[in-house]
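Open the model in a viewer and keep the selection panel to hand. The stops below go from sheets to helices, then to a pocket and a few backbone details.

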Amino acid sequence: MSEYIKVAVDAMGGDNAPQEIVKGAVEAVNEGSKVKVYLVGMKEAVERELSGHTYPKEQIEVVPASEIIETAEPPVMAIRKKKDSSLVKALNLVKDGTCDAYVSAGSTGATLVGGQVIVGRIKGVERPPLAPLIPTATGCSLLIDCGANVDARPSHLVQFAKMGSVYMEHVMGIKNPKVGIVNIGAEEEKGNALVKETFPLLKNCPDINFIGSVEARDIPAGAADVVVCEAFTGNVILKTYEGVGSTLISKVKEGMMTSLRSKIGALLVKPALKQTLKAFDLEQYGGAPMLGLKGLVVKTHGSSKSIEIKNSILQCITFTEQQISEKIKQMLQADGIVSGEK
């Protein structure tokens, strides 16, 4: 294939780097003939990991980097000082057009800062949000924002709703996606100052399908396709999802081993149960895209294993093919926020 979707991967970012990062990249190119991965990191370490795998050689390229940005480092200072870090060099591959997208399990702070100052915001975007897909009873929902903007304003949340709608329609194929704002009750007059001020703005927004308030307990049921909130609330929802999910799976497994009868029952239901639990595994949905940037930036969990890295890389294909950044630009132009000039 002559034309690939090119993804720069921070091979040194995350708790399990470079082993799981490299493994995930290999799994991605073995599964997706449309993607080429640029593994950015310590050359010897990355090549040593690659030597243990079989993959189409033309679909993985190693880009040397001599430094690593650690999770605990101050993000702005790290971006400025460590120009030869795997994180900065990978982001620059997106900035200069060599790559279409960036994936990292490394420092969230450095990725958020680097995404804005290196890749850059689309003109007219006030605050780029992190927006992961979360599993629901009806499929999945986009949680926007989950970690980028703790002190958001009403106008930010309105843009989140619009960008989230663009993503869900064109990446996930959901026509006229339902948009809800996270609240402590269904009534319009409930909520904190931010929610009360944002609610009427969303209600009067003609280009989104706003359904009103969504309580946290209704999110897993799939009450809304786009779940809008500021980052503090979104991060609590995401971490609660992860914690409850892992605890529930652990308790189910424990319960199935309590007696001979339960063990026999476990053997009978294992295939169906495994398929059901897989649907609620966050790793299946890849990382969280940072919407509103000139190029695609995807942040995965620091503890990501190869399956999440693989899925994060593969999700870049649809995002790029559907030209989501361009569609967000068009949305801003339609709103009159920016002119049609480049």
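Two strands count as paired if DSSP finds at least two bridges between them. Helices (H or I, at least four residues) and strands (E, at least two) are DSSP runs, numbered from the N terminus. The model is predicted: local features need pLDDT of at least 70, side-chain atom pairs count only at pLDDT 80 or more, and totals for chains, interfaces and linings use all residues. Residues are numbered from 1 along each chain as its sequence is written, and side-chain values use heavy atoms, with hydrogens and water left out.

**Stop 1**

Next, pick strand 7 (residues 178-182) and strand 9 (residues 226-228): they run parallel and are joined by three bridges. Isoleucine 181 has valine 228 in strand 9 as its bridge partner.

**Stop 2**

Now select the open sheet of six strands, ordered 3-2-1-4-11-10 and with mixed pairing. Strand 3 (60-64) and strand 10 (288-289) are the edge strands. Strand 2 (residues 35-41) runs parallel to strand 3 and is joined to it by five bridges; valine 37 has isoleucine 60 in strand 3 as its bridge partner.

**Stop 1: helices 4 and 5**

Show helix 4, which lies across strand 1 (5-10), strand 2, strand 3, strand 4 (101-104) and strand 11 (296-299) and runs at about 145 degrees to strand 2. Helix 5 (residues 108-119) lies across strand 4 and strand 11, at about 175 degrees to strand 11.

How do the axes of helix 4 and helix 5 cross, and within what distance do they come? They come within 10 Å and cross at roughly 35 degrees. For the contact (heavy atoms within 4.5 Å), select Leu87, Val88, Leu91, Asn92, Val94 and Lys95 in helix 4, which meet Ala110, Thr111, Gly114, Gly115, Ile118 and Val119 in helix 5.

**Stop 2: the second largest pocket**

A pocket is an open set of points, on a 1 Å grid over the protein atoms alone, where a 1.4 Å probe fits and protein lies on both sides within 12 Å along at least five of seven lines; lining residues have an atom within 4 Å of a point. Of the 18 residues lining the second largest pocket, Asp100, Lys294, Gly295, Thr320 and Ser325 lie nearest its centre. Helix 4 (86-95), helix 10 (306-321) and helix 11 (324-334) each give two or more residues to this lining. Helix 11 gives the largest share, four residues.

**Stop 3: backbone details**

Alanine 17 and proline 18 are joined by a cis peptide bond, with omega about -5 degrees. Proline 18 sits in the loop between strand 1 and helix 1 (19-31). Another cis peptide bond joins isoleucine 144 and aspartate 145, with omega about 25 degrees; aspartate 145 is in the loop between strand 6 and helix 6 (154-170). Finish at asparagine 176, which has a positive phi of about 50 degrees although it is not a glycine, in the loop between helix 6 and strand 7.

Key:
Axes fitted to C-alpha atoms, helices over the stretch in contact; angles between N-to-C directions.
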